[in-house]
Amino acid sequence: MTATAPSYPSVVPDAAPALVLDGITKTYRSKAGGVDALRGVTYHFPRGSFTAVMGPSGSGKSTLLQCAAGLDQPTTGVVVLGGVNLHGLSEVALTKLRREEMGFVFQAYNLLPSLTVYDNVALPLRLTGKRPHRNDILGVLEQVGLSDKVKRRPAELSGGQQQRVAIARALITKPSVFFADEPTGALDSNSSRQVLTLLREATDRAGQTVVMVTHDPVAAAYAERVVFLSDGLIAGHLDRGTPGQIAAAMSDLER
Ligand SMILES: Nc1ncnc2c1ncn2[C@@H]1O[C@H](COP(=O)(O)OP(=O)(O)OP(=O)(O)O)[C@@H](O)[C@H]1O
């Protein structure tokens with residue numbers, strides 16, 4: 001891939017972190033025995049930061065994201081998002097928090113095939129009982145460069161365009177934290193660059209926080225910090241690394 005190096009934010013992160021992981025462990029139990037996917041992860045994600053999470057296959061990246069977003073429960077430890085401790089929240093309260101404060105961008109775009117682009121983007125507002133305003137929907141679609149695709153259905157779009165719809169859908173609720181799991185995994189370099197630039201802008205312009213799991217050092221270089229996981233633990237971090245430096249750090253981990 002040949003993405004150009006991103007610029008970094010002038011935003012100074014607030015003192016209160018957007019997201020806190022405190023002593024997170026996660027053990028999956030199965031008939032074959034337990035798997036310790038996370039073995040004690042403590043990390044503060046500053047407000048307005050863009051953090052990439054990398055690590056070898058099976059190191060616990062997706063598990064970390066799932067626990068941080070309240071999609072799965074840690075075995076022990078605490079997740080605090082925007083000052084709210086997720087532990088002990090009812091499923092209803094957690095769903096509300098997810099819909100209002102979190103945006104999700106996954107490798108599979110998860111758009112509803114029967115809805116138009118416009119209605120896919122309006123959906124999160126409808127789910128929270130808010131009336132979507134046409135100008136707001138058109139505004140985010142313009143932001144992601146899809147003003148001319150409003151009436152299309154997902155199957156009539158390229159992968160990169162579908163992912164940009166998914167980002168518009170995540171942007172519409174103005175979430176404080178974006179969780180992205182391999183958001184460019186299925187995209188070519190040009191589409192990847194567009195998607196990563198949108199995530200970068202969410203932090204730089206709107207002060208939102210992005211946590212992105214990726215295998216791709218070029219994608220990770222859009223973040224100001226890469227946190228490396230190894231065997232369920234944070235093994236270190238790299239600030240403002242180039243793709244080459246990030247790839248070298250990954251090779252060291254995989255040795
Ligand atoms: N539902 C599950 N049941 C049992 N074990 C699981 C489950 N989900 C994940 N694991 C195990 O937990 C560990 C961490 O998995 P996880 O998917 O978080 O890793 P990852 O770093 O995201 O991997 P990859 O890069 O391959 O996607 C692995 O050993 C995996 O096999």
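Guide: Start with strand S7 (residues 177-181) and strand S8 (residues 209-213), which pair in the parallel sense over 5 bridges. Pairing has a cut-off: DSSP must find at least two bridges between the two strands. Strands here are DSSP runs of E with at least two residues, helices are runs of H or I with at least four residues, and both are numbered from the N terminus. Residue numbers start from 1 along each chain as its sequence is written. The model is predicted, and local features need pLDDT of at least 70, side-chain atom pairs count only at pLDDT 80 or more, while totals for chains, interfaces and linings use all residues.

Phenylalanine 179 stands opposite valine 211 in S8. In a regular strand, the side chains alternate between the two faces of the sheet.

Step back to the whole sheet. It is open, has 6 strands in the order S6-S7-S8-S3-S9-S10, and its pairing is mixed. Strand S6 (102-106) and S10 are the edge strands, and each pairs on one side only. From one strand to the next, the twist averages 20 degrees.

Move along the order to S3. Strand S3 (residues 50-54) pairs with strand S9 (residues 225-230) in the parallel sense, over 4 bridges. Threonine 51 faces arginine 225 of S9.

S9 also pairs with S10. Strand S10 (residues 233-239) runs antiparallel to S9, and 6 bridges join them. Here phenylalanine 228 stands opposite glycine 236 of S10. S9 and S10 form a hairpin with 2 residues between the strands, and in it aspartate 231 takes a positive phi near 50 degrees.

Next, look at what lies across the sheet. Helix H6 (residues 189-204) lies across S3, S7 and S8, and runs at about 150 degrees to S8. For such angles, axes are lines fitted to C-alpha atoms (for helices, over the stretch in contact), and the angle runs from 0 to 180 degrees between N-to-C directions.

H6 has a helix partner. Two packed helices are described by the angle between their axes and the distance between the axes. H5 and H6 pack at about 10 degrees, with their axes 9 Å apart. That makes H5 roughly parallel to H6. The scale is this: under 35 degrees is roughly parallel, over 145 roughly antiparallel, 65 to 115 roughly perpendicular, and the rest oblique. H5 brings Gly159, Gly160, Gln163, Arg164 and Ile167 to the contact, and H6 brings Ser191, Gln194, Val195 and Leu198. Contact means that C-beta atoms, placed from the backbone, lie within 7 Å. By class, this contact has 3 nonpolar, 5 polar and 1 charged residues. Ala, Val, Leu, Ile, Met, Phe, Trp, Tyr, Cys and Pro count as nonpolar, Asp, Glu, Lys and Arg as charged, and the others, Gly among them, as polar.

Follow H5 to H3. The axes of H3 and helix H5 (residues 159-171) come within 7 Å and cross at roughly 35 degrees. The crossing of H3 and H5 is right-handed. Right-handed means that the near helix is turned clockwise from the far one by less than a right angle; left-handed means anticlockwise. Val117, Asn120, Val121, Leu123 and Pro124 of H3 meet Val165, Ala168 and Arg169 of H5. This contact divides into 6 nonpolar, 1 polar and 1 charged residues.

One more helix meets H3. The axes of helix H3 (residues 117-127) and helix H4 (residues 134-143) come within 10 Å and cross at roughly 110 degrees. That makes H3 roughly perpendicular to H4. This crossing is right-handed. H3 supplies Val117, Tyr118, Val121 and Ala122, and H4 supplies Ile137, Val140 and Leu141. The class count for H3 with H4 is 7 nonpolar, no polar and no charged residues.

Notes
Two residues are in contact if their C-beta atoms, placed from the backbone, lie within 7 Å.
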